[in-house]
Amino acid sequence: MSRTTFDQLLEAGCHFGHLKRKWNPAMAPYIFMERNGIHIIDLHKTVAKIDEAAEALKQIAKSGKRILFVSTKKQAKDIVAEKAAAVNMPYVTERWPGGMLTNFPTIRKAVKKMANIDKLTADGTFSNLSKREILQISRQRAKLEKNFGSIADLTRLPAALFIVDVMKEHIAVKEAHRLDIPVFGIVDTNSDPNSVDHVIPANDDAKQSIEVILDACCAAIAEGLEERKAEKVDQEAKEVEEKAPRKRTTRARKEKSEEGVEAESATTPETEEAPKAE
């Protein structure tokens with residue numbers, strides 16, 4: 001069963017591409033026709049590609065790995081932040097920090113700096129500082145939160161990137177390629193689909209279009225996480241069951257040996273004292 005339908009995507013305006021003169025010829029296989037100078041995307045292919053991408057994302061989530069969502073364009077920021085946070089995945093919706101992937105240790109240092117400031121606040125060190133110092137540190141903390149708050153729990157490189165508008169986020173795409181990190185992307189008619197591992201041909205400007213695709217993909221991620229959780233519970237239950245027979249066997253052996261000792265003491269006749277000679 002498909003995660004989206006042709007009608008759903010049509011209603012959300014996923015079929016509207018860019019002007020014909022702005023197109024990328026590599027997108028030709030995903031274009032259905034041209035109307036009034038605008039390319040129309042083949043939604044049958046979009047439905048199939050969403051299913052493919054969703055299944056791959058589900059498997060990544062099921063394996064316990066992280067998917068980084070990226071979109072710094074105004075109309076997609078809030079949607080991406082909301083959907084990624086709902087499935088507990090990291091996201092970048094402010095400026096893409098150069099070297100975010102290729103220079104990951106430096107990015108981690110910035111995140112740790114944020115944690116250190118929080119520690120100072122918690123242990124009361126802040127109260128000993130002057131007003132000016134407190135103001136400077138607070139501003140620094142706010143700036144770090146804005147840029148790195150959403151990736152604070154990303155302790156290692158993500159297993160995949162999900163990008164809205166691969167043309168705008170070309171730096172993120174390049175960094176992912178350099179590190180062989182697979183890229184999932186909503187690709188419009190003006191973008192190059194060859195730069196993306198899992199292409200979702202659709203309108204990457206309309207809010208509704210972005211939302212309907214993210215809904216399907218995040219639902220798949222949520223399923224993967226649930227299946228992982230269920231497998232963990234089953235594994236724990238199995239381990240408990242395996243340990244239980246061992247305990248029962250040990251207890252049975254102990255009881256058996258105790259019974260043996262009791263039986264032996266019951267059958268051994270008590271030695272009568274010999275009558276004393278008068």
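Modeller: Helix 4 comprises 19 residues and reaches 27 Å from its first C-alpha to its last, close to the 27 Å expected at 1.5 Å a residue. That expected span is 1.5 Å times one less than the number of residues, and the elements named here are DSSP runs numbered from the N terminus, with helices being H or I of at least four residues and strands being E of at least two. The model is predicted, so local features need pLDDT of at least 70 and side-chain atom pairs count only at pLDDT 80 or more, whereas totals for chains, interfaces and linings use all residues. Residues are numbered from 1 along each chain as its sequence is written, and side-chain values use heavy atoms, with hydrogens and water left out.

The buried residues of helix 4 are F104, I107, R108, A110, V111, M114 and I117. Buried denotes under 20% relative accessible area, exposed over 50%, and partly exposed in between, with a 1.4 Å probe and protein chains only. These buried residues pack against helix 5, contact being heavy atoms within 4.5 Å. After helix 4 comes G124, with a positive phi near 85°.

The partner, helix 5 (residues 131-148), has 18 residues and spans 25 Å between its first and last C-alpha, close to the 26 Å expected at 1.5 Å a residue. Its buried residues are I137, R141, L144 and F148. Viewed down the axis of helix 5, the buried residues fall within an arc of 65°, so they line one face of the helix; the arc is that of the directions from the helix axis to the C-beta atoms. The face turned away from this buried side carries the exposed residues K131, R132, R139, K143 and K146. In turn, the buried residues of helix 5 pack against helix 4 (104-122).

The largest nonpolar core has 35 residues, and those with the most contacts inside it are C14, I67, F69, F162, I213 and I221. Such a core is a set of buried Ala, Val, Leu, Ile, Met, Phe, Trp, Tyr and Cys residues joined through side-chain atoms within 4.5 Å. Two or more residues are given to this core by each of helix 2 (43-62), strand 4 (67-70), helix 3 (74-86), strand 6 (160-164), strand 7 (183-187) and helix 7 (207-267). Helix 7 supplies the largest share, eight residues. Apart from this core lies another, of 32 residues, among them F104, I151, L154 and I181. Beyond its neighbours within four places in sequence, I221 is in contact with L57, A61, I67, F69, V87 and M89.

As for the cysteines, a search of the whole structure finds zero disulfides, a disulfide being a pair of cysteine sulfur atoms within 2.5 Å. C218 is in no disulfide, and the nearest cysteine sulfur, that of C217, is 6.8 Å away. C218 counts as buried because its relative accessibility is 7%; C14 counts as buried because its value is 0%.

Two backbone angles remain. Most residues other than glycine have a negative phi. N36, however, has a positive phi near 50° and lies in the loop between strand 2 (31-35) and strand 3 (38-41). Because its relative accessibility is 75%, N36 counts as exposed. D180 likewise has a positive phi, near 60°, and sits in the loop between helix 6 (170-178) and strand 7. With a relative accessible area of 70%, D180 is exposed.
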